[in-house]
Amino acid sequence: MAPPETRPAPVQRGIPVPRAKDVPEAMPFTVDVSQPERHTLLVEVGGDVDLASAPQLADVLSRRFRGPVTLLVLDLSEVSFFGTAGLSVLVETQYAAARRGVALRVTGTGARPVERALRAAGMLYSLPHSDEPAEDVVLRHVAEQSVGRAPW
């Protein structure tokens, strides 16, 4: 009998079915929201942001993005997949922040899946992002607020 890699692909109703390679499992979606400083919201996202999880992210953002917030930090450094549904959530969040006069900073855009999606959508440079870790963005914002400077 021929080795498995040399056998013809199985056929299902006349259509070849591709062989499953070692497909990595999807990372579970996580979203953690904290308020490290007064008027500051830190949203840390991990796993796959896709059609199934993007509505959950949008819901968390809309529920928590209320009250006196001056800075919203969205940390995407632990995202393993970022689909078009995630891009839509980013655009909606950017508009909501602009309407409310809230400074938005997106960190973790250097993560390969996020950078690839932002670059493909032409959003890499139009999104207010920072290469700093999310915690540093928060600390800088707090320091600038204490001396009375505008946050950005």
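**Group meeting talk: walking through a predicted fold**

Helix α4 runs over residues 134–146, and at 1.5 Å a residue its 13 residues should span 18 Å; the C-alpha atoms at its ends sit 19 Å apart, which agrees. Keep in mind that what we're looking at is a predicted model.

Staying with α4, which of its residues are buried? They are Ala134, Val137, Val138, His141 and Glu144. These cover an arc of only 130° around the axis, which puts them on the same side of α4. Turn to the other side of the helix, and you find Leu139 and Ser146 exposed. And what do the buried residues of α4 pack against? That would be β4, β5, β6 and β7, with β7 being residues 129–130.

One residue in there is worth a stop. His141 is in helix α4, and its relative accessibility is 1%, so it counts as buried, the cut-off being under 20%. The side chain of His141 also has a partner: a polar contact of 3.1 Å joins it to the side chain of Thr70.

Okay, let's zoom out. The protein has 4 helices and 7 strands. If you read along the sequence, the pattern goes β-β-β-β-α-β-α-β-α-β-α. Of the 152 residues, 37% are buried. Here's another number for the overall picture: take the contacts with a separation of 6 or more, and 63% of them are between residues 24 or more positions apart.

Now the sheet. It's an open one, made by 5 strands in the order β3-β4-β5-β6-β7, and the pairing is mixed. Which strands are at the edges? β3 and β7, since each of them pairs on one side only.

Let me walk you through the β6 side of things. β5 and β6 run parallel, joined by 5 bridges. If you want to find that pairing on screen, look for Leu71, which stands opposite Ala103 in β6. β6 also pairs with β7, again in the parallel sense, over 2 bridges. Here the spot to look for is Val106, whose bridge partner in β7 is His129.

So is β6 buried or exposed? 5 of its 5 residues are buried, so the rest of the structure largely encloses it.

Next up, the inside. As a general point, nonpolar side chains tend to be buried together in soluble globular proteins. In our model, the largest nonpolar core has 33 residues, and the ones with the most contacts inside it are Val45, Leu57, Leu76, Phe82 and Leu90. Where do core residues come from? At least two each are supplied by β4 (40–49), α1 (54–64), β5 (71–82), α2 (84–100), β6 (103–107) and α3 (112–121). The top contributor is α2, which gives 6 residues.

Setting aside residues up to four places away in sequence, Phe82 touches Val49, Leu76, Leu87, Leu90, Pro113, Val114 and Ala117. Apart from this core there's another, of 7 residues, and Leu42, Val73, Val137 and Val138 are among them.

After α2 comes Gly101, which has a positive phi, near 70°.

Last stop: a loop. Met27 lies in the one between β2 (15–16) and β3 (30–34). Along the chain, Met27 and Gly47 are 20 residues apart, yet their C-alpha atoms are separated by 4.6 Å. Leaving out its neighbours within four places in sequence, Met27 is in contact with Gly47, Asp48 and Ser80.

Notes
Residues are numbered from 1 along each chain as its sequence is written. This is a predicted model: local features need pLDDT of at least 70, side-chain atom pairs count only at pLDDT 80 or more; totals for chains, interfaces and linings use all residues. Side-chain values use heavy atoms; hydrogens and water are left out. A nonpolar core is a set of buried Ala, Val, Leu, Ile, Met, Phe, Trp, Tyr and Cys residues joined through side-chain atoms within 4.5 Å. Buried means under 20% relative accessible area, exposed over 50%, partly exposed in between (1.4 Å probe, protein chains only). Contact means heavy atoms within 4.5 Å. The expected span of a helix is 1.5 Å times one less than its number of residues. The arc is that of the directions from the helix axis to the C-beta atoms. A polar contact is a pair of N or O atoms within 3.5 Å; within protein, one must be able to donate a hydrogen and the other to accept it, and residues adjacent in sequence count only if both atoms are side-chain atoms. Two strands pair if DSSP finds at least two bridges between them.
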